[in-house]
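User: I want to learn how to read the features of a model like this one. Can you take me through them one at a time?

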Amino acid sequence: MYKSLAETRSAIESGETTIEGLTRYYLQQIADKSSLNAFLEVFQQDALNQAIAADEKRKLGNPGKLNGMVIGIKDVLCYKGHKVSSSSRILEGFESIYTATAVQRLIDEDAVIIGRLNCDEFAMGSSNENSAYGPVHHHLDPNMVPGGSSGGSAVAVAAGLCLATLGTDTGGSIRQPASLCGITGLKPTYGTVSRWGCIAYASSFDQIGPMANTVEDCAIILEVIAGPDEHDSTMIQKPSPAYSQLLKSEGPVKIAYFKQYIESEGLDTEIKAYVLQLIEKLRAAGHTVEELEFPYLDYVIPAYYVLTTAEASSNLSRFDGIHYGYRSKNATDLESTYKLSRTEGFGKEVKRRIMLGTFVLSSGYYDAYYSRAQKVRRMLRDHTNNILNSYSFILMPSTPGTTFPLGGKSSDPIQMYLEDIYTVQANLCGLPAISIPMGQHSNGFPFGVQLVGGASKDSDMLAFAARLQNDFV
Amino acid sequence: MHSNQYESVIGLEVHIQLLTKSKAYASDPATFGSHPNSNISVITLGHPGTLPKVNKRSIEFAVKLGLACGCNITRENQFARKNYFYADLPKGYQITQDKTPICTGGTIHIKTNSVDKDINITRIHLEEDAGKSMHDQDPYDSLIDLNRAGVPLLEMVSEPEMTSAEEAGAYLTEVRKLVRYLDICDGNLEEGSMRCDANISVRLKGDPNLGTKVEVKNMNSIRNVQRAIDFEIQRQIQMCETGQRIDQETRSFDAVNGSTFTLRSKEKANDYRYFPEPDICPVIVEQSYIEKIRSEMPALPNELHKRFTVDFQLSEYDAGILTENKQIALFFNALSNLTSNYKAAANWINGPVKSWLNENGLEIDSFPLKPAAIAELISLIDAGQLNFSIASQRVFPEMLKTPEVSAIDIATANNWIQANDSNELQGWIEEAIAKYPGKVDEYKAGKTGLIGLFMGEVMKISKGKADPKTSSQLLKEALDKA
């Protein structure tokens with residue numbers, strides 16, 4: 001099947017297929033591979049209508065930028081008239097009455113929205129096992145996890161259920177599953193893509209981003225969804241560049257990598273060897289790749305969890321059984337409505353994080369946890385930005401290992417949290433980062449390598465990622 | 001009870017609902033009195049994925065109030081979340097300000113029979129209102145109206161520097177006057193657009209330590225705030241006197257029997273888990289912006305009061321009444337530009353104009369005459385063409401009926417112009433003297449009080465047109481000569 005929008009477009013141009021035909025093909029694929037549990041819902045009729053309209057527009061000679069692209073959206077993105085649940089029971093039956101800016105911009109450029117994708121509940125998890133609607137299975141082995149939280153989004157692309165997807169990334173939720181499933185996943189600079197209509201996990205970390213087979217497809221999707229939006233006041237107010245037109249990168253660049261990250265005990269030795277080998281290849285090609293000390297690896301996960309759970313505990317307060325979504329049938333008054341609805345409506349990991357976040361914000365503990373974590377965040381941001389003033393990119397593994405068995409880490413939250421050890425730094429610092437598939441492990445499963453770029457330098461990062469993709473892996 | 005051994009310490013928290021067109025963090029209308037749940041967008045409803053956006057007008061209103069009170073205006077305004085669960089709070093948190101209130105410092109000046117002092121302001125911060133829960137509208141369910149949810153509020157917190165209900169009343173009256181002058185709030189305690197919570201404690205006179213404070217809520221008029229404070233002071237003194245411990249708690253005022261009752265104790269108080277609102281970037285208030293607002297500030301009651309007493313030489317009393325209401329003060333101020341007889345202007349406003357407004361139940365906005373019309377009346381009187389009673393009782397009512405016709409035209413048409421012509425006057429005087437020859441002798445014999453009788457006659461004959469001042473002078477001369 002076509003692996004990129006360019007390939008798809010030329011097939012359509014040559015008359016080999018139509019967007020309607022493609023959409024029907026993907027709908028069939030989704031049905032055939034329903035055991036992967038990647039899609040929570042397929043928007044069959046709406047998707048076909050969009051496909052027919054997109055074919056019309058192409059024939060009339062005014063196709064949108066995403067004409068020909070069939071895309072799935074993570075189940076945290078609102079789409080008017082469609083259900084959205086964050087893979088949680090607490091939003092059972094809830095239908096959004098408005099559309100997320102990112103989704104609307106896709107539609108405006110002729111994308112076909114084929115369905116909503118399974119994920120960890122409220123985007124909390126690294127294996128997609130925390131969904132109230134069952135885990136997503138790795139497309140290469142149903143006993144293995146796809147990573148998370150955008151597990152459905154990763155598998156849908158990897159298994160060819162659609163051409164691309166939108167995921168969200170709070171601490172690695174795009175890049176980690178992209179790495180585990182062998183696709184490309186981009187987390188843009190914080191403030192590049194509007195969060196309007198994205199069900200919040202941790203507001204100061206969340207970013208929507210594309211997941212696709214190629215860097216080029218990620219770039220064109222970002223180009224469509226990026227840019228100021230009056231609904232989201234935390235956005236960068238400058239117009240975003242035409243990323244897809246800026247993918248040429250020439251000449252030698254300066255890249256940093258962190259000694260502590262490569263020498264970390266948790267890193268799979270084979271992945272480590274691959275990364276070191278890549279570094280040598282880059283040097284051989286004339287790039288400067290330097291090893292730096294970055295002795296803060298032990299702080300990133302704790303700081304991340306203190307801050308994200310604090311924000312989450314507040315963001316998830318609105319799911320209270322009063323106004324919409326799930327309400328316990330056993331509730332008898334206001335207090336029991338809250339307690340029972342939330343107890344029954346939220347899954348275990350979500351409750352764990354709400355409790356943790358409530359604790360770190362409570363009086364008497366605030367300074368010891370929340371304030372201190374904020375200081376760590378500032379320190380990490382300052383150090384990382386300093387490095388990115390002298391180097392164009394930081395190169396690191398995307399994940400410490402490849403996929404792991406379902407249930408393999410779910411009994412040990414700390415082990416699970418360490419899945420994101422290489423990805424949370426970009427979120428803590430608000431920086432753009434991309435995971436591109438690097439190769440195949442001897443265990444048969446894929447893994448990625450990650451580039452972290454300077455703030456708002458998504459374009460430079462994408463251009464170099466395209467070089468990595470085309471020339472080095 | 002030895003209540004005179006105690007002193008009370010009172011601080012007030014005033015919630016000021018802002019008259020912005022839209023809500024604090026959403027574009028839906030902030031209108032009062034709409035059909036329930038009609039002013040609600042996905043933001044107000046707290047739907048998943050929605051984000052707040054700061055209403056710039058609310059910042060402007062806050063800066064206005066801050067400047068009017070002489071506060072420091074905070075440059076970098078962070079917003080914070082105050083987390084608690086309630087049915088009329090759809091997000092599960094209120095967006096407010098915690099560590100960086102938009103205004104700090106500043107004062108409200110109060111004047112009562114016993115004190116004349118400044119009350120210091122601790123802080124003024126921006127926040128959003130909650131919706132309304134109604135528990136008495138339906139036999140089975142509580143009903144929620146979210147129209148008010150997200151309406152912008154300023155919370156103004158005073159230092160605990162008031163010592164009586166009277167001072168608290170004066171403070172609230174001043175704050176209400178100020179927000180109305182600034183046009184940022186309609187200041188209606190009954191409808192809840194201005195709300196007041198009182199923190200009250202008592203201590204033995206001379207004790208440097210503050211007593212345990214009790215917060216009292218739900219008072220919907222200045223009078224009720226005062227009643228609640230009086231009740232609470234007496235209750236606390238009684239508890240001290242009988243050796244009982246005063247608990248830190250929140251109490252509610254019951255207007256029916258004038259008492260307070262426990263709403264919640266401190267043990268049950270929420271831990272609000274304030275933290276910076278990650279969905280809103282800090283709002284920077286630039287000095288140039290502050291200066292622009294300062295340059296557009298309307299005249300404030302204190303300034304007008306000073307102007308009226310110092311520049312216009314009006315009495316404290318007159319100036320006080322004139323500045324009580326912004327529109328009246330502005331009307332007077334406009335009038336003062338058209339006449340230099342300020343005392344007469346004040347008398348007109350505080351007399352005939354206000355009486356007419358009261359009788360008709362109208363505000364000065366609906367007064368049919370322009371300040372220039374009153375100025376004309378004053379100048380006609382000063383020129384001796386009208387006397388005050390003709391002007392106020394005849395010309396003024398006619399002008400109100402036909403505001404487009406000038407006073408002089410009305411007076412001329414009705415033949416009310418006061419005769420200054422001494423020939424005509426002389427004629428009326430002679431006629432009057434001729435009518436009571438006996439009284440002329442009595443007058444000449446020393447019964448000078450009889451001049452009133454002759455004056456009355458002159459007025460009668462002239463149908464009120466005789467200028468009293470000139471007439472009485474001429475009458476005296478005529479009587480002496482007679």
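User: Which residues make a nonpolar surface patch of about 270 Å²?

Analyst: One caution before that: this is a predicted model. The patch is made by Phe359(A), Tyr365(A) and Tyr369(A). Phe359(A) sits in helix α12 of chain A, residues 348–361.

User: Is Phe359(A) buried, partly exposed or exposed?

Analyst: Start with the cut-offs: buried is under 20% relative accessible area, exposed is over 50%, and partly exposed lies in between. Phe359(A) has 32% relative accessibility, so it counts as partly exposed.

User: Next, salt bridges. What is the general idea?

Analyst: Side chains of opposite charge can pair when their charged atoms come close. In this model the count comes to 45 salt bridges over all chains. Take one in chain A: Lys339(A) and Glu335(A) meet at 2.8 Å, N to O.

User: Why are Lys339(A) and Glu335(A) separated by about one helical turn?

Analyst: Look at the spacing. Both belong to helix α11 of chain A, residues 334–345, and they are four residues apart, so about one helical turn separates them. Glu335(A) is partly exposed, with a relative accessible area of 48%.

User: Which residue forms a salt bridge with Arg81(B)?

Analyst: Asp279(B) does, with the closest N and O atoms 3.0 Å apart. This pair links distant parts of the chain, 198 residues apart. Arg81(B) is in strand β4 of chain B, residues 80–83. Asp279(B) is in the loop between β16 (275–276) and β17 (283–284) of chain B.

User: Are Arg81(B) and Asp279(B) buried or exposed?

Analyst: Apply the cut-off for buried, under 20%. Arg81(B) has a relative accessible area of 0%, so it is buried. Asp279(B) has 2%, so it is buried too.

User: How do Asp247(B) and Arg245(B) meet?

Analyst: Their side chains meet in a salt bridge, at 3.0 Å from N to O. Now read the accessibility. Asp247(B) is partly exposed, with a relative accessible area of 37%. Arg245(B) is at 67% and counts as exposed.

User: Now the interface. How many salt bridges are there between chain A and chain B?

Analyst: The count is one. Asp279(B) pairs with Arg195(A), and their closest N and O atoms are 3.0 Å apart. Asp279(B) also forms the salt bridge with Arg81(B). Follow such links and you get a network: Arg195(A), Asp232(A), Arg81(B), Glu277(B) and Asp279(B) are linked by salt bridges.

User: What area is buried between chain A and chain B?

Analyst: About 2,900 Å². Carbon and sulfur atoms give 59% of that area. The contact takes 40 residues from chain A and 32 residues from chain B.

User: Let's finish with chain B as a whole. What is its radius of gyration?

Analyst: It is 30 Å, while a compact globule of 482 residues would have one near 23 Å.

User: How many helices and strands are in chain B?

Analyst: Chain B has 15 helices and 17 strands. Buried residues make up 51% of its 482 residues.

User: What accessible surface does chain B have?

Analyst: About 22,600 Å², with 48% of it belonging to carbon and sulfur atoms. Then check the contacts in chain B with a separation of 6 or more: residues 24 or more positions apart account for 69% of them.

Methods:
Residues are numbered from 1 along each chain as its sequence is written. Chains are lettered from A and ligands numbered from 1 in the order in which they are written. This is a predicted model: local features need pLDDT of at least 70, side-chain atom pairs count only at pLDDT 80 or more; totals for chains, interfaces and linings use all residues. Side-chain values use heavy atoms; hydrogens and water are left out. Patches are made of residues with over 30% relative accessible area and no salt bridge: like charges are joined within 9 Å, nonpolar side chains (Val, Leu, Ile, Met, Phe, Trp, Tyr) within 5 Å. Accessible areas come from the Shrake-Rupley method with a 1.4 Å probe; for residues, only the protein chains shown count as cover. A salt bridge is a side-chain nitrogen of Lys or Arg within 4 Å of a carboxyl oxygen of Asp or Glu. Helices (H or I, at least four residues) and strands (E, at least two) are DSSP runs, numbered from the N terminus. Buried means under 20% relative accessible area, exposed over 50%, partly exposed in between (1.4 Å probe, protein chains only). The radius of gyration is taken over C-alpha atoms; the globule rule is 2.2 Å times the number of residues to the power 0.38. Contact means heavy atoms within 4.5 Å. Buried area is the accessible area (1.4 Å probe) that two parts lose on being put together, summed over both.
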